[in-house]
Amino acid sequence: MPGIEALRGINLLNISHYNMKTKARNDLFEHPVWINTLYFPAFETDTLNGSSVQRDYYMVSAYDEDTNRDSMVNYRDLRRFYHFDLEAKKRTQLIPPNYSVVSSEYDPANDAMFVFASLDANSNGKRDTEEPVHVFWFSMKAPAPGERLY
């Protein structure tokens with residue numbers, strides 16, 4: 001995605017933002033979580049359709065709660081998707097909490113992200129293969145809670 005780099009979170013339990021000017025550190029989550037993917041602003045200026053693109057936010061997909069009540073936070077729980085401001089102080093959940101993120105796709109024509117998420121229809125706190133998958137979208141210019149398309 002233009003303006004964004006991604007880091008797959010193998011064994012990451014949290015992410016911290018460190019402001020070098022103020023020497024302040026902010027943890028993105030209050031407690032240990034299992035990070036799946038961290039999206040962060042690219043270090044070099046990128047372009048989209050001939051225009052410069054710079055992102056000023058972070059996005060994180062993570063397992064952040066023991067939703068299935070098995071006493072562990074892991075890939076068997078619901079995977080959530082969040083947006084953080086550049087200072088990592090303001091967090092917004094992009095996909096409703098009763099969904100588990102399955103995958104995503106970038107649409108360069110609209111500078112949008114489509115997120116495929118499984119509805120926890122039976123409220124057991126985990127993703128089951130028979131549960132419906134819905135598609136949400138949001139603009140990459142200013143990510144906000146996704147609108148459900150399907």
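**Pockets, core and strands**

User: How many residues in the lining of the second largest pocket are charged?
Analyst: Residues are sorted by class: Ala, Val, Leu, Ile, Met, Phe, Trp, Tyr, Cys and Pro count as nonpolar, Asp, Glu, Lys and Arg as charged, and the others, Gly among them, as polar. In this lining, four residues are nonpolar and one is polar, while the number of charged residues is five.

User: Which residues line the second largest pocket?
Analyst: The model is predicted, so local features need pLDDT of at least 70 and side-chain atom pairs count only at pLDDT 80 or more, whereas totals for chains, interfaces and linings use all residues. Residues are numbered from 1 along each chain as its sequence is written, and side-chain values use heavy atoms, with hydrogens and water left out. On a 1 Å grid over the protein atoms alone, a pocket is an open set of points where a 1.4 Å probe fits, with protein on both sides within 12 Å along at least five of seven lines, and lining residues have an atom within 4 Å of a point. The lining consists of Y63, Y75, R76, D77, R79, S100, V101, V102, K126 and R127.

User: Which strand gives the most to the lining of the second largest pocket?
Analyst: Strands are DSSP runs (E, at least two residues), numbered from the N terminus. Three residues of this lining come from the strand that gives the most, residues 99–107, and that strand is β10.

User: What is the volume of the largest pocket?
Analyst: Its lining includes I15, F40 and Y58, and divides into eight nonpolar, three polar and no charged residues. A volume is the space filled by probe spheres set on the grid points, which are joined across faces, edges and corners. For the largest pocket this gives about 200 Å³.

User: Which strand gives the most to the lining of the largest pocket?
Analyst: Both β2 (16–19) and β4 (34–41) supply at least two residues of this lining. The greatest contribution, three residues, is made by β4.

User: How many residues does the largest nonpolar core have?
Analyst: A nonpolar core is a set of buried Ala, Val, Leu, Ile, Met, Phe, Trp, Tyr and Cys residues joined through side-chain atoms within 4.5 Å; buried means under 20% relative accessible area, exposed over 50%, and partly exposed in between (1.4 Å probe, protein chains only). Among those with the most contacts inside the core are M59, F81 and M140. The largest share, four residues, comes from β11. The core as a whole has 16 residues.

User: Which residue in β9 stands opposite H83?
Analyst: Strand β8 (residues 80–85) runs antiparallel to β9, and three bridges join them. Opposite H83 stands T92.

User: Is K89 buried or exposed?
Analyst: K89 lies in the loop between β8 and β9. Because its relative accessible area is 64%, K89 counts as exposed.

User: Which residue in β3 stands opposite Y18?
Analyst: Y18 lies in strand β2 and is partly exposed, because its relative accessibility is 43%. Four bridges join β2 to the antiparallel strand β3 (residues 24–27). Opposite Y18 stands R25.

How values were computed
Two strands pair if DSSP finds at least two bridges between them.
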